[in-house]
Amino acid sequence: MPRATSDAKLLIQSLGKAYAATPTNLKIIDLYVVFAVATALIQVVYMGIVGSFPFNSFLSGVLSCIGTAVLAVCLRIQVNKDNKEFKDLPPERAFADFVLCNLVLHLVIMNFLG
Amino acid sequence: MAAAGGLPASATLLLLVIAAVAVAPLASAVRPVSDAHRSAAAELFAASPDGSFGDLETTYEAVRTFQILGVEKDKGLIGKACKFAAEKLASSSSSPAKDLFHAARISGVLKCSVDSGVYDDVATRLKAVIKDTNSLLELYYSVGGLLSIKEQGHNVVLPDADNTFHAIKALSQSDGRWRYDTNSAESSTFAAGIALEALSAVISLADSEVDSSMIAVVKNDIVKLFDTIKSYDDGTFYFDEKHVDAAEYKGPITTSASVVRGVTSFAAVASGKLNIPGEKILGLAKFFLGIGLPGSAKDFFNQIESLSFLENNRVFVPLVLSLPSKVFSLTSKDQLKVEVTTVFGSAAPPLRVNLVQVLGSDSKVITTETKELQFDLDNNVHYLDIAPLKIDVGKYSLVFEISLQEQEHETIYATGGTNTEAIFVTGLIKVDKAEIGISDNDAGTVESVQKIDLQKDTSVSLSANHLQKLRLSFQLSTPLGKTFKPHQVFLKLKHDESKVEHLFVVPGSARQFKIVLDFLGLVEKFYYLSGRYDLELAVGDAAMENSFLRALGHIELDLPEAPEKAPKPPAQAVDPFSKFGPKKEISHIFRSPEKRPPKELSFVFTGLTLLPIVGFLIGLMRLGVNLKNFPSLPAPAAFASLFHAGIGAVLLLYVLFWIKLDLFTTLKYLSFLGVFLVFVGHRALSYLSSTSAKQKTA
């Protein structure tokens with residue numbers, strides 16, 4: 001058992017070290033994803049407590065967060081220099097896509113919000 | 001054949017009542033002014049609780065109407081009105097001419113005692129107005145006010161009458177109508193009446209004769225004005241403005257009243273006779289009488305005052321022919337009575353009334369034989385027995401001809417020659433050859449035929465099965481022996497047990513009314529209900545004095561058993577009139593609102609959702625994020641700021657969309673913002689891209 005714990009510790013430490021080497025702009029995106037998912041979780045907890053009465057409002061709130069998180073992940077894939085697939089794609093273009101998709105997503109969200 | 005099948009008894013009654021009421025509108029036509037007008041006047045011009053009638057104009061209209069109709073008002077009301085007028089007259093220097101005009105006329109009608117000093121002041125003020133103004137209404141009010149003061153026994157003289165006359169005449173138009181003032185482009189018929197009244201007042205007030213050539217010109221204007229008169233088919237004439245959309249449009253009653261007032265006043269003071277056809281004067285009288293009892297006080301005053309001017313005028317006094325009753329019964333041998341009176345119901349001069357033509361309801365000529373009506377001096381009524389006319393029940397138009405007996409009356413009175421009146425004749429309808437029976441087949445071999453008497457209730461007893469037929473026939477004839485077709489002929493079958501009723505229209509041909517009920521085709525309609533049915537026959541018409549609803553007896557029906565899918569008979573209400581009663585109340589159920597969480601909890605979670613943002617910002621600071629990449633050159637910096645502002649604007653638009661905008665407005669704004677955003681975004685991002693590319697190469 002203690003061995004497993006120390007293994008896990010070791011694993012996390014190495015993971016933390018490896019992650020520290022990640023470029024800052026990717027870290028920002030990761031932070032953004034965490035922020036979005038955390039917001040979604042809080043809303044789910046709220047729904048668990050009070051019930052799902054304005055269901056479309058709940059859905060739009062959660063899907064807004066999840067949707068923007070997914071878009072952020074896509075942005076991260078395109079911006080990451082290790083991904084050779086998107087080598088020719090400038091990060092500015094990827095960011096423009098991100099902004100556009102977010103705007104379309106939130107137009108739909110607002111329409112659904114009620 | 002069974003168009004009215006299933007109509008309940010109450011509906012039958014209702015139809016009969018409607019038929020009886022249908023005669024009523026005939027009664028409302030031209031009748032002279034009567035007590036009905038007096039009671040209407042008391043209602044329309046009811047004084048308010050403090051004893052006043054409203055403003056000066058309304059007060060004048062009220063007291064003038066009461067004066068004409070001879071309605072006495074108590075002293076308190078008269079005192080109040082006099083005081084009201086006196087107050088206005090006393091403050092003559094500050095009151096407009098219109099108020100003084102009405103106040104003077106109120107005093108005149110009520111014979112209030114006004115100091116001669118007060119009237120001197122008023123006269124001076126009104127004369128000053130006459131000098132200064134060129135407005136027709138101002139002239140009318142001041143000249144009219146002066147005339148009223150003069151008529152109350154005060155000595156008033158208009159010094160420059162000729163000038164005033166010319167000032168008013170200057171506003172006249174070539175078609176006999178007048179303008180309100182020199183600046184207005186529109187001419188008006190109402191103004192013509194006002195002007196004529198003012199001109200006649202000027203003539204009365206003049207210290208010397210007014211130029212007779214001018215009077216002749218005005219007479220010519222009046223003739224032209226009467227060329228613009230409008231008419232209905234029945235000989236009714238009235239005045240109305242040419243352009244009904246004009247700013248000062250007053251309606252035909254007020255306009256006609258104004259002209260009548262002006263023309264009769266002018267005819268009274270001008271020497272010689274006006275060349276106006278008598279039928280137009282009579283037509284105007286018919287117009288005012290035809291209104292009946294107007295609903296508004298203003299119209300009522302105009303009607304009564306115009307009629308009082310027509311009652312005694314120098315042009316033509318209209319004589320109105322009217323029927324006290326328009327419904328005549330052949331049974332009681334009613335006499336046709338005709339009254340010829342003035343508009344206020346006073347006796348006409350000796351004259352002869354002839355019935356020259358009788359027209360049927362479809363304008364078919366019944367007779368053209370001229371019959372003179374006898375005159376009953378005591379009751380002032382011309383009468384004629386209708387029996388010799390050989391007219392049957394129904395609607396008729398009678399054409400009367402009035403001729404004055406004395407030649408010199410022809411120039412004083414207008415009778416209009418022929419007058420058409422609608423009448424309604426009722427009588428007893430003979431019912432006979434009534435037969436009822438059951439037949440077996442189409443060939444019509446009748447097994448049992450019974451003669452019945454429809455004068456009284458009978459109680460025949462019949463029985464039939466679904467293969468047989470019920471036959472009923474009878475004849476209707478008018479007092480003159482012609483066949484008669486009433487409005488309603490119904491046969492009613494009522495099932496004893498379930499109270500289900502079936503109503504059938506009995507078709508009538510030229511010879512007789514006959515109905516054949518083939519039970520084979522009716523079993524479904526009868527809901528397969530066998531048993532005893534009561535028979536009733538209803539015959540009704542407005543002209544039929546003996547309309548009836550007779551019980552004929554009963555029929556025992558033997559109908560086949562109802563198949564499975566046969567419709568069930570409807571439930572019969574215990575009280576047939578209950579369906580006119582209040583309906584059951586319908587209570588609406590609204591969905592109860594969902595239970596909402598406590599407010600505090602929701603606020604806590606609103607705060608909680610903000611926490612990740614704080615965490616995000618802290619995280620950014622920990623990562624050491626900076627804005628060093630933000631362009632420092634002015635142009636790219638501007639584009640970058642605009643890019644961020646654009647995104648902010650779009651998000652703000654989304655918030656507005658959520659709060660109040662609809663999708664279409666939002667998309668409209670979004671399309672503009674989107675284009676802008678794409679442009680600045682492209683510029684901002686391509687600048688960033690080029691700088692990073694440079695860094696790479698460097």
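**Ground rules.** I am working from a predicted model, in which local features need pLDDT of at least 70 and side-chain atom pairs count only at pLDDT 80 or more, while totals for chains, interfaces and linings use all residues. Residues are numbered from 1 along each chain as its sequence is written, chains are lettered from A and ligands numbered from 1 in the order in which they are written, and side-chain values use heavy atoms, with hydrogens and water left out.

**Cysteines.** I searched the whole structure for disulfides and found one over all chains; the criterion is a pair of cysteine sulfur atoms within 2.5 Å. The disulfide joins C82(B) to C112(B), with 1.7 Å from S to S. I noted a torsion of about -85° about the S-S bond of C82(B) and C112(B), so this disulfide is left-handed. C82(B) lies in helix α4 (residues 75-90) of chain B and C112(B) in the loop between α5 (97-110) and α6 (116-132), so the bond ties together parts that are 30 residues apart in sequence. Helices here are DSSP runs of H or I of at least four residues, strands are runs of E of at least two, and both are numbered from the N terminus.

I then checked accessibility, where buried means under 20% relative accessible area, exposed over 50% and partly exposed in between (1.4 Å probe, protein chains only). C82(B) is buried at 14%, and C112(B) is buried at 14%. In chain A, C65(A) is buried at 8%, whereas C74(A) is partly exposed at 35%. The closest cysteine sulfur to that of C74(A) is in C101(A), and at 7.9 Å it is too far for a bond.

**An arginine.** I looked up R64(B), which sits in helix α3 (residues 56-69) of chain B. R64(B) is buried, at 16% relative accessibility. Beyond its neighbours within four places in sequence, R64(B) contacts V109(B), F301(B), E305(B), S308(B) and F309(B); contact means heavy atoms within 4.5 Å.

**A sheet in chain B.** I traced an open sheet of five strands with mixed pairing, in the order β19-β25-β24-β21-β22. β19 (460-465) and β22 (501-505) stand at the edges with a single partner strand each, so one side of each has no neighbour in the sheet. Neighbouring strands are turned by 25° against each other on average, direction ignored. β24 (residues 531-540) and β25 (residues 548-558) pair in the antiparallel sense over nine bridges; pairing requires that DSSP finds at least two bridges. V539(B) stands opposite F548(B) in β25(B).

**Positive phi.** K333(B), which is not a glycine, has a positive phi near 50°. K333(B) is in the loop between β7 (327-329) and β8 (335-341) of chain B, and is exposed at 62%. Y528(B), also not a glycine, has a positive phi of about 60°. Y528(B) is in the loop between β23 (513-518) and β24 of chain B, and is buried at 17%.

**Interface.** How many residues of chain B are in contact with chain A? I recorded 31 residues of chain B against 28 residues of chain A. The two chains bury about 2,600 Å² between them, 86% of it on carbon and sulfur atoms; buried area is the accessible area (1.4 Å probe) lost on being put together, summed over both parts. F605(B), F616(B) and Y654(B) supply 23% of the area that chain B buries against chain A, more than any other three residues.

Terms used:
Axes are lines fitted to C-alpha atoms, for helices over the stretch in contact, and angles run from 0 to 180 degrees between N-to-C directions.
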